[in-house]
Amino acid sequence: MISKVKSCTLYGINGYLVDVEVDLSEGLPGFDLVGLPDSSIREAKERVRAAIKNSEFLFPIKRITVNLAPADIRKEGSAFDLPIAVGILSCSQPIPADILNKTMIVGELSLDGSVKPVNGILPMVYSASQNGITQCIVPYENAEEGALVENMEVIGVRTLKEVILHLQNEKPLFKTTVDVNSIMQNSVNSNLDFSDVKGQVHVKRALEISAAGSHNILMIGPPGSGKTMMARRLPTILPDLSFKESIEITKIYSVTGLLPNKKALINTRPFRAPHHTISNTALIGGGRIPKPGEVSLSHYGVLFLDELPEFNKNVLEVLRQPLEDREVTISRINATLTYPASFMLVCSMNPCPCGYLGDEEKCHCQPDQIKKYLSKISGPLLDRIDLQVEASPVKYSDLDIREKSESSLSIKKRVLKAQKIQQERYKDESIFFNSQLSAAQIEKYCSLGDTERNLLKTAFEKLNLSARAYHRILKVARTIADLDGEENIKLHHLSEAIQYRSLDRKYWA
């Protein structure tokens with residue numbers, strides 16, 4: 001007797017439907033799993049056997065063959081436990097075949113027959129909806145996550161017995177519903193605010209420009225100047241996530257198993273701050289079957305690299321491709337996968353190993369030590385950082401002021417206004433922000449007058465800029481003009497943009 005149950009596996013951040021085919025035949029009792037399963041799926045035989053017995057069903061004493069089709073796609077994870085058990089029981093239990101054909105089932109089984117949560121439910125359910133599936137049976141803890149997909153009946157189950165009784169229509173279960181509007185509105189209120197930052201007006205201005213145009217930024221300054229403090233407040237001036245962006249981020253976190261408990265949807269912009277001991281694989285992604293790294297976990301958010309020269313130079317160099325392409329492609333023998341990586345890179349660093357360069361009393365770093373320290377950051381990587389700003393030591397007079405600085409909310413209003421101008425300007429293009437402009441689009445949207453062109457020519461020659469730096473100055477100038485509500489780039493917009501490209505010549509020249 002043969003039965004077929006629909007299930008799903010993950011391929012990158014996308015689901016891939018799998019047919020779990022179960023054949024029961026006469027002969028010596030046995031249990032074979034075929035179809036490129038990994039070790040965790042092979043172990044499902046013992047979990048399924050115990051779960052069926054402990055759920056008060058009879059485990060068939062026959063030759064059981066389970067095929068995971070298509071057989072040329074490698075499958076991994078424990079999500080096939082539940083569909084395998086349902087497939088075996090459907091050979092002896094009266095479950096209509098037409099119901100199984102329109103139902104996707106995923107879940108891990110405990111030995112007592114209870115259903116445990118699995119990773120990647122959102123992309124799995126979304127894939128099912130794209131392939132004509134009308135009902136998804138998932139672990140109860142994953143039900144709200146799956147219910148985010150429109151026009152899909154998602155059933156959360158706690159035990160194997162509940163699944164069988166639901167499919168037999170003896171004890172039907174209700175579908176799970178979520179209030180998306182309520183989730184999007186109830187974003188976490190952060191205690192972080194730019195009003196806490198004393199002084200550093202020029203650094204806050206650079207961060208505002210960075211947020212308005214989605215530009216990468218580097219802050220250089222001594223210890224205690226507030227670089228990390230300001231970086232952690234950058235998400236508070238970024239626009240709120242749209243539902244589409246939230247779904248895309250949630251897919252990535254769901255696949256990696258980092259979705260917070262009792263949270264069906266990521267509704268705040270990610271802020272990732274990996275330690276400087278991070279490896280290439282952890283930053284970019286990878287593994288035997290590639291998984292997303294920090295650059296993908298920062299998608300539509302901020303990737304903050306504190307103490308930039310302390311990172312391994314090879315680790316920093318692998319950032320170059322995702323910074324340009326806003327996605328990362330990982331190739332392995334088993335698979336070649338592409339993950340989204342549209343993030344803002346925010347970096348901070350000291351100007352020398354001790355951090356007090358220029359202070360004769362505190363700094364005793366030798367020139368060769370400083371050169372070796374700074375050489376970890378290559379010219380090509382610096383070229384991809386749009387804004388470079390110096391954070392000066394904070395004075396007592398700044399700290400002693402009782403008046404609050406400008407709040408994140410007021411800065412955010414200006415950022416939103418500038419981004420609205422960009423979205424209107426690029427509505428017929430495939431981009432959203434000034435930082436995404438191509439060379440041809442720069443010619444179209446960043447035109448300069450004669451005076452501005454002469455200034456840029458002088459800066460290009462004196463600062464010995466690259467073509468990439470030239471284009472990035474124009475992008476930043478376009479953002480500054482948008483913050484001022486100006487249609488054309490004026491001389492003072494361009495002058496400010498050039499100012500943010502001078503620090504690499506000061507420290508690395």
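Helices here are DSSP runs of H or I with at least four residues and strands are DSSP runs of E with at least two, both numbered from the N terminus. This is a predicted model, in which local features need pLDDT of at least 70 and side-chain atom pairs count only at pLDDT 80 or more, while totals for chains, interfaces and linings use all residues. Residues are numbered from 1 along each chain as its sequence is written, and side-chain values use heavy atoms, with hydrogens and water left out.

**The whole chain**

Of the 509 residues, 52% are buried, where buried means under 20% relative accessible area, exposed means over 50%, and partly exposed lies in between, with a 1.4 Å probe and protein chains only.

**Helix 5 and the residue after it**

Select residues 121–130, which form helix 5, a mostly covered element with seven of its ten residues buried. The buried residues are Ile 121, Leu 122, Pro 123, Met 124, Val 125, Ser 127 and Ala 128. Then move on to Gly 132, which follows helix 5 and has a positive phi, near 80°.

**Backbone points in loops**

Next select Leu 36, in the loop between strand 3 and helix 1 (39–42), where phi is near 55°, a positive value in a residue other than glycine. Leu 36 is partly exposed, with a relative accessible area of 33%. Gln 200, in the loop between helix 8 (180–185) and helix 9 (201–213), also has a positive phi, near 50°, but at 7% relative accessibility Gln 200 counts as buried. For the peptide bond between Ala 69 and Pro 70, display the backbone atoms: the bond is cis, with omega about 5°, and Pro 70 lies in the loop between strand 4 and helix 3 (81–90).

**Aromatic pairs**

The structure holds four aromatic pairs, counted where rings of Phe, Tyr and Trp (its six-membered ring) have centres within 6.5 Å, with planes under 30 degrees apart called stacked, over 60 edge-to-face and the rest tilted. Show the side chains of Phe 31 and Phe 59, whose ring centres are 6.2 Å apart and whose planes stand at 35°, so the pair is tilted. This pair links distant parts of the chain, with Phe 31 in strand 3 (residues 30–34) and Phe 59 in the loop between helix 2 (44–54) and strand 4 (63–69), 28 residues apart. Both Phe 31 and Phe 59 are buried.

Go on to Phe 460 and Tyr 470, an edge-to-face pair at 6.1 Å centre to centre with 90° between the planes. Phe 460 belongs to helix 21 (residues 450–462) and Tyr 470 to helix 22 (residues 467–483), ten residues apart. Phe 460 counts as partly exposed at 32% relative accessibility, and Tyr 470 is partly exposed with a relative accessible area of 28%.

**Charges over rings**

A charge sits over a ring if NZ of Lys or CZ of Arg is within 6 Å of the ring centre and within 35 degrees of the ring normal. Select Arg 158 with Tyr 140, where the charged end of the arginine sits over the ring, 3.6 Å from its centre. Then select Lys 251 with Tyr 126, where the lysine lies over the face of the ring at 4.2 Å from the ring centre.

**Cysteines**

With a disulfide taken as a pair of cysteine sulfur atoms within 2.5 Å, the count comes to zero. Select Cys 363 and Cys 354 to see one example: the sulfur of Cys 363 is 3.7 Å from the sulfur of Cys 354, its closest cysteine sulfur, which is too far for a bond. Cys 363 is buried, with a relative accessible area of 13%, and Cys 91 likewise counts as buried, at 10% relative accessibility.

**Two distances to draw**

Finish with C-alpha distances. Tyr 253, in helix 11 (residues 243–256), is buried with a relative accessible area of 8%, and the C-alpha atoms of Tyr 253 and Ile 13 are separated by 9.2 Å although 240 residues apart along the chain. Glu 361, in the loop between strand 17 (344–349) and helix 16 (367–374), is exposed with a relative accessible area of 72%, and its C-alpha is 42 Å from that of Ala 481, 120 residues apart in sequence.
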